[in-house]
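Please look at the structure before reading on.

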Amino acid sequence: MGTPIDFIAFHARMSPRRLAARDLVLGQDWNYAELDRLVGRLAAALLAHGCVAGDRVAVLARNSVWQVALHHACARVGVAYVPLNWRLAAVEIVALLERVRPRLFLGDALAVAFGPDATLAGFVEAAAACAPLRQAALASGGTSLILFTSGTSGRPKGVMLSEDNLQQTALNFGVSTRVDAGSSFLCEAPMFHVIGLVVNVRPVLMAGGSIQVSDGFEPQRTLGWLSDPAQGVTHYVGVPQMMAAFRAQPGFDPAPLRRMTALVSGGAPQPLEAVAAWLDDGVAMVAGFGMSEGGTVFGMPADLQVLRDKLGSVGVPAPSLHTRVVDARGRDCAAGTPGELLLRGPNLGTRYWEDPAATTPLVDADGWFATGDVVRCDEDGFFWVVDRKKDMFISGGENVYPAEIEAALADYPGIAECAVVGLPDPQWGESGHLLIVPAHGDLQVEAILAFLGERLARYKLPRHVRCVAALPRTATGKLQKARLKDLAGTGAQAPDGDAGRG
């Protein structure tokens with residue numbers, strides 16, 4: 001008999017008959033004893049396939065409980081699990097496969113064109129004939145997961161995370177968002193992302209609760225599951241676009257969602273008006289802040305009054321996480337003063353797959369990881385995200401943060417979405433370019449600038465305004481700033497024409 005090496009194995013002994021996982025597409029449930037046996041059989045199948053510690057297993061597939069089980073099986077034999085973003089272009093997927101050189105490549109119908117070694121379903125079926133692997137724990141500091149970043153400003157980086165990192169992230173999220181053995185997460189964020197495979201899964205399995213997995217987000221279907229008391233969903237984690245889609249559904253009724261512990265929004269900022277609307281409905285809309293390198297960094301409590309008092313905050317750090325906010329010279333900033341966020345803690349994975357040059361500039365001699373995020377912290381220790389450091393531009397000697405301008409336009413009528421980037425300007429050094437996706441009809445540039453002029457300092461006002469058909473985003477809803485700059489610089493525009501000046 002081996003030593004339990006993960007929380008699935010632990011709860012299989014402590015509460016074997018408790019529900020662990022439900023696949024809403026397959027219509028199949030696993031209690032902890034059954035899920036532990038599935039993980040053990042998959043681990044044995046990996047060894048039978050020739051996988052050894054240090055190898056990689058790549059998967060290109062939509063969400064399933066099988067992926068969760070396979071990830072844990074990889075950890076039990078010391079193999080790194082590599083979920084691939086199926087929303088990428090074919091050439092990008094091929095490039096990632098060439099970079100990670102997997103010992104085994106599995107997938108569903110999405111992977112057929114890329115020549116997988118087997119289907120994920122077929123591998124699971126074959127593993128049923130294997131005796132579950134029983135072995136002692138391997139070193140928990142080895143790489144358990146390689147997550148490729150969104151690539152918002154360039155080539156994606158493969159973040160290398162250990163079991164220690166993943167368990168600490170689970171603890172960080174769990175303590176801030178009231179996760180316990182009675183919790184059940186509906187998992188729909190894609191499992192190639194830290195939200196989908198780590199935040200949605202690890203905290204609740206650590207606590208002995210359950211996951212309910214669907215193959216993707218469909219607003220009406222998802223609302224049906226969240227609203228059904230028999231389903232028992234307590235937590236739902238997604239991106240702001242998913243939360244907005246709920247409220248846009250015909251006949252939307254927030255009342256059934258009040259029994260949930262929390263709706264958690266991450267991955268990108270959510271307009272304050274949208275958060276306030278959820279709170280007015282009695283639903284705990286919790287903001288979070290994290291990253292592929294560190295999973296959960298900050299979290300807000302599922303407490304309506306605190307959420308109102310600290311509207312817009314992404315919360316406080318977990319007790320194990322050390323933070324600093326520093327200026328351009330590395331000096332600590334006073335409360336309320338924006339600066340770059342530095343982190344140090346056991347949840348951080350600061351190595352990148354075969355890319356040591358990407359790591360070196362980010363971690364100093366004392367182990368502080370430079371996030372590149374500009375934040376401010378109030379006297380109570382709550383944090384607000386201001387912008388990405390690299391997105392800031394300097395116009396006429398003044399720092400300008402695009403996120404501040406975008407937030408000011410969140411409730412402007414007729415704007416579906418917008419983004420600001422800074423580009424070189426012969427007079428001002430850099431100037432702001434505002435790209436707008438109209439919701440309907442024509443937009444008057446002077447009216448937009450007048451609106452902003454009542455809310456922002458003059459030097460922050462964009463000097464160029466343009467309508468476009470769509471903004472380039474990653475699969476997790478983040479704006480791709482490099483492509484935005486290309487869009488602004490080339491003067492590309494929607495069929496209706498240029499809305500602006502410059």
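## Helix α1

The buried residues of α1 pack against α2 (32–48), α3 (65–77) and α8 (202–207). Helices (H or I, at least four residues) and strands (E, at least two) are DSSP runs, numbered from the N terminus. Buried means under 20% relative accessible area, exposed over 50%, and partly exposed in between, with a 1.4 Å probe and protein chains only. Contact means heavy atoms within 4.5 Å.

In α1, which spans residues 7–14, the buried residues are Ile-8, Ala-9, His-11 and Ala-12. The N-terminal end of α1 is capped by Asp-6, with a side-chain oxygen 3.2 Å from the backbone nitrogen of Ile-8.

## About the model

This is a predicted model, in which local features need pLDDT of at least 70 and side-chain atom pairs count only at pLDDT 80 or more, while totals for chains, interfaces and linings use all residues. Residues are numbered from 1 along each chain as its sequence is written, and side-chain values use heavy atoms, with hydrogens and water left out.

## Cysteines

The structure holds zero disulfides; a disulfide is a pair of cysteine sulfur atoms within 2.5 Å. For Cys-51, the closest cysteine sulfur is in Cys-74, at 7.1 Å, which is too far for a bond. Cys-51 counts as buried because its relative accessibility is 2%.

For Cys-130, the closest cysteine sulfur is in Cys-51, at 12 Å, also too far for a bond. Cys-130 is partly exposed, at 22% relative accessible area.

## Asp-391

Asp-391 sits in the loop between β20 (383–388) and β21 (393–395). Its relative accessibility is 12%, so Asp-391 counts as buried. Neighbours within four places in sequence aside, Asp-391 is in contact with Pro-402 and Lys-481.

Methods:
Polar contact = N/O pair within 3.5 Å; in protein donor to acceptor, adjacent residues only side chain to side chain.
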